[in-house]
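Here are my notes for you, written as numbered points. Keep the picture open and look up each residue as you read.

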Amino acid sequence: MSLLRNKTLVLTGASMGIGEALAEELAGEGVSLVLGARTRDKLLAVRDRCRALGVRAECVAGDAADDAVAAQLVDTALKLGDFHGFIHAAGVLAPGPAVWELSAERFREVVDGSLVAAHQLMRHAVPRLLERGEGMAVFFGSGAAQRPQTGIGAYCAAKAGEEHLARQLANEAPAITTVIWRPGVVETRMQADARTAVGSAAAPLRELFASWCRDGLLLTPKQSARGLVDFLQGDPRAYHGKVADIRKI
């Protein structure tokens with residue numbers, strides 16, 4: 001039996017890519033879901049496919065960096081019952097320009113997608129999980145958090161901040177199993193956007209991402225999502241406060 005069966009999770013970034021695949025993989029394991037993303041029509045379609053697998057599923061369209069949206073995600077999960085935590089899979093890449101060339105609005109969009117949304121989810125979810133005495137918080141990390149990468153500087157900074165925020169949560173709320181999950185290089189819209197990026201820093205970025213495609217290194221969203229579900233049904237506590245990389249576990 002699935003260790004997550006009948007538990008309820010909030011999942012952001014659920015309308016496409018890894019998040020979309022992850023929603024269906026989790027639903028197949030009997031997990032109830034509250035799905036979040038900015039694109040309502042796509043989100044509704046994912047919700048309906050999850051319901052067809054026999055689980056309770058709701059969705060909240062909007063940016064999880066918005067306080068009201070984050071609150072609604074968690075409140076909806078509490079109403080479904082047996083709220084167990086969240087998986088923050090959303091993110092924005094903004095590939096191509098050098099970091100100083102990004103507009104203030106675009107920079108904030110990238111930081112909001114990874115870091116601010118992660119904090120908003122924590123603000124609303126962690127007190128309720130601490131009341132239960134247990135729970136789970138999974139943050140999507142990236143190798144980009146560890147090194148500069150020409151053409152996606154804002155994303156690198158946002159992911160570095162998100163990974164450190166996860167370590168901070170692990171330190172301050174040890175009852176909640178907190179993991180940084182690195183999903184590998186996956187054929188998603190982010191990959192396609194990087195391969196076709198334009199801007200003064202785009203050329204090396206396009207070549208790097210194209211090489212992963214040429215060399216057959218890309219996972220499908222379903223493969224990446226399945227890797228996380230299998231990981232969560234093993235011993236995620238062994239990675240509390242640490243990075244779990246699909247390529248190394």
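1. Start with Glu 58, which is partly exposed, with a relative accessibility of 29%. The label has cut-offs: buried is under 20% relative accessible area, exposed is over 50%, and partly exposed lies in between, using a 1.4 Å probe and protein chains only. Glu 58 pairs with Arg 51 in a salt bridge, and their closest N and O atoms are 3.1 Å apart. Arg 51 is partly exposed too, at 35% relative accessible area. To count as a salt bridge, a side-chain nitrogen of Lys or Arg has to be within 4 Å of a carboxyl oxygen of Asp or Glu.

2. A quick word on where this comes from: the model is predicted, so local features need pLDDT of at least 70 and side-chain atom pairs count only at pLDDT 80 or more, while totals for chains, interfaces and linings use all residues. Residues are numbered from 1 along each chain as its sequence is written, and side-chain values use heavy atoms, with hydrogens and water left out.

3. Now find Asp 82 and Arg 132, whose side chains meet in a salt bridge at 2.8 Å, N to O. Asp 82 sits in the loop between α3 (67-80) and β4 (83-88), and Arg 132 is in helix α4 (residues 104-132), so this pair ties together parts that are 50 residues apart in sequence. Helices (H or I, at least four residues) and strands (E, at least two) are DSSP runs, numbered from the N terminus. Both partners are partly exposed: Asp 82 has a relative accessible area of 34%, and Arg 132 has 36%.

4. Which residue does Arg 128 meet in a salt bridge? The partner is Glu 131, at 3.3 Å from N to O. Glu 131 is exposed, with 62% relative accessible area, whereas Arg 128 is partly exposed at 34%. Elsewhere, salt bridges with shared partners link Glu 25, Glu 29, Lys 222, Arg 226 and Asp 230 into one network.

5. How many salt bridges turn up in the whole structure? The search finds 20. As background, side chains of opposite charge can pair when their charged atoms come close. The chain has 29 positive and 28 negative charges, and their mean positions are 2 Å apart. Here Lys and Arg count as positive and Asp and Glu as negative, leaving out His and the chain ends; each charge is placed at NZ of Lys, CZ of Arg, CG of Asp or CD of Glu.

6. Stay in helix α4 for Val 116, which is partly exposed at 28% relative accessibility. Setting aside neighbours within four places in sequence, Val 116 is in contact (heavy atoms within 4.5 Å) with Ala 65 and Val 111.

7. Finally, zoom out. The chain has 8 helices and 7 strands, and its C-alpha atoms fill a box of roughly 50 × 35 × 35 Å along the principal axes. Buried residues make up 53% of the 249 residues. Of the contacts between residues at least 6 apart in sequence, 74% join residues at least 24 apart.
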